[in-house]
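Reader: Please take me through this structure one feature at a time, with the general idea ahead of each case.

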Amino acid sequence: MSIDTDTARRVAKLARIKVEDDALPALAGEFNAILGFIEQLNEVDVDGIEPMTSVTPQRLKRREDVVTDGGYQEKVLANAPDAREGFFAVPKVVE
Amino acid sequence: MTELTRFTIAEARDKLRAGDVTSTELTQACLDEIDKADALGAFVHKTPEIALKQAEAADARIQGGAENPMCGIPLGIKDLFCTQGVPSQAASNILDGFKPEYESTVTTQLWQAGSVMLGKLNMDEFAMGSSNETSTYGNAVNPWRRGNDEAALTPGGSSGGSASAVAADLCLAATGTDTGGSIRQPAAFVGITGLKPTYGRVSRWGIIAFASSLDQAGPMTKSVRDAAIMLGAMAGHDPKDSTSADIPVPDFEAAITGDIRGKKIGIPKEYRMDGMPEEIEKLWADGTAMLRDAGAEIVDISLPHTKYALPTYYVIAPAEASSNLARYDGVRFGRRASLAQGDGITEMYEKTRAEGFGAEVQRRVMIGTYVLSAGFYDAYYNRARKVRALIKRDFDLAFEAGIDAILTPATPSAAFGLGEMADADPVQMYLNDVFTVTVNLAGLPGISVPTGLDAQGLPLGLQLIGRPWEEGDLLNIAASLEGAAGFVAKPASWW
């Protein structure tokens, strides 16, 4: 499978990474090199094999669905690039 | 005072307890060495005030009869670990200025044990790299050189700063993390010991995530015994990490008995790669002979899916990374790109991530996005998870057949020069992890032990792979190999 510049543009958009148009051909070339390497996996017979979900055969612990932590708004906001009046601030998203 | 910084953890522990040295003296000696070693690019955030305060507290505890072997030991901490109030930015520009309001579980446990934080250590950005060349701080440099050649060599990656700092005796030991070889490969490149524990042995909470099903933190130390001591302080169940194992932490140091008679050591034929340098072949054969001489039984084994480990890794790790790194969006932490008039929230995300992530991180996030996207999920991601199951089954079958540990080379070469791989395609760099990545995919413990020097005088290491949760047994076999190899070389100081 070969990736063209349009696909590279679409992937960059999905990943929310701005890539200038003139950088797309080189990016597509790198993707193709990596995906070409990955294509080897098609040689493997995986019939009847379940995809791995957990590397150790353990069941994740469960707990009551209750609040166990919280109550530190200031700490949560301390590293925000822009925080105002107790909220994260972002560019306007609704008119 | 430089002699003090050359101590192993075990030596320092004994001298601290005997009252021959104080933690404050040890810590000050390390801080002095660190200040002289900026050319190594290892320590990227120094924390002398915290260190001296912790050392003073440790001295008081030791006087009061503190029993923890890590008490008073000065350590370096990889920048991937969140440390409260101290910059923790995964060597990425996107986390510039980030000072966590919390402390990772591993570092919390180390400070509770009485250890001392000297500062934060360089690494590849978000732990994505094998040469420490993707760091926003610039390169970390290997203290070793090729004879009289002054060319700067890589300390490996991603835990390159940790490797450089321990090898150059700037600290007694350091934390590392390992997703595909990021503890073991740099350890081998600088002639120290690096242990990746069983997945789930050490809590991942508060460690900036790369690929959550593969990431595991571990010790990087000057000896196998030190790795055992330090792992004891790092390990344990943590309710804040649902994948951390709720099983007891044994006394790993006590497992080092020196007796490996009757142990079955597997030699996997698939690790004998085409074009493997003769020096690596010889290193491996010599290591095999050392274990045989120590009374182990050497068994030829097969791990047939080995060649598919790297391609599997380069689906699974980017897929998980694209998901984990979605949080860096310029809203909650780190830096936000400056925006033009009229830019909306999408432009904010796109510009922030384009400016904040380096080229390798961008590449992996986009590859991950692609293999998880509609139409490709089955062909790439699900297929890789199936092959991963087969890779793990190879190991399961070997262990079921009675193998106690598997001996392989740690890396396909000695340390290469910084910049030497700049023109290579990304896949060439990925081949560095060819011997280590299987271990992460199978969730197993693996340790890299320095056992020799190449013709240019650079260290080379062997890897031992153990049964799940049997780090104690693995460390015992590693200690036997270490003792037989007698690796004592140190880099000559030029920094």
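Author: Q84(B) is partly exposed because 16 other C-beta atoms lie within 10 Å. A residue is called buried if 20 or more other C-beta atoms lie within 10 Å of its own, exposed if 12 or fewer, and partly exposed in between, with C-beta atoms placed from the backbone. This is a predicted model, in which local features need pLDDT of at least 70 and side-chain atom pairs count only at pLDDT 80 or more, while totals for chains, interfaces and linings use all residues. Residues are numbered from 1 along each chain as its sequence is written, and chains are lettered from A and ligands numbered from 1 in the order in which they are written.

Reader: Where does Q84(B) lie, and with which residues is Q84(B) in contact, leaving aside neighbours within four places in sequence?

Author: Helices (H or I, at least four residues) and strands (E, at least two) are DSSP runs, numbered from the N terminus. Q84(B) belongs to the loop of chain B between β2 (74-78) and α5 (105-112). Contact is defined as C-beta atoms, placed from the backbone, within 7 Å of each other. With the neighbours within four places set aside, Q84(B) is in contact with P100(B), E101(B), Y102(B) and E103(B). For S104(B), 20 residues apart from Q84(B) along the chain, the C-alpha separation is 8.3 Å.

Reader: Which strands pair with β9(B)?

Author: Two strands pair if DSSP finds at least two bridges between them. Strand β7 (residues 264-268) of chain B runs parallel to β9(B), joined by 2 bridges; here I265(B) has A405(B) as its bridge partner. Strand β11 (residues 459-466) of chain B pairs with β9(B) in the antiparallel sense, over 5 bridges, and L407(B) stands opposite L464(B).

Reader: How does the radius of gyration of chain A read against a compact globule?

Author: The radius is taken over C-alpha atoms, and the globule rule is 2.2 Å times the number of residues to the power 0.38. For 95 residues a compact globule would be near 12 Å, but chain A has 22 Å. Its C-alpha atoms fill a box of roughly 55 × 45 × 25 Å along the principal axes. Of the 95 residues in chain A, 16% are buried. The chain has 3 helices and 2 strands, in the order α-α-α-β-β from the N terminus.

Reader: Which residues of helix α1 of chain A are buried, and what covers them?

Author: In α1(A), residues 5-14, the buried residues are A8(A), V11(A) and A12(A). Down the helix axis they fall within an arc of 100°, so they line one face of the helix; the arc is that of the directions from the helix axis to the C-beta atoms. Their cover includes α2 (24-38) of chain A and α12 of chain B.

Reader: How many residues does each chain bring to the contact between A and B?

Author: Chain B brings 56 residues and chain A brings 36 residues. On the side of chain B, α13(B) gives the most, with 11 residues.

Reader: What ipTM and pTM does the predictor give the complex?

Author: The ipTM is 0.95 and the pTM is 0.97.

Conventions:
Two residues are in contact if their C-beta atoms, placed from the backbone, lie within 7 Å.
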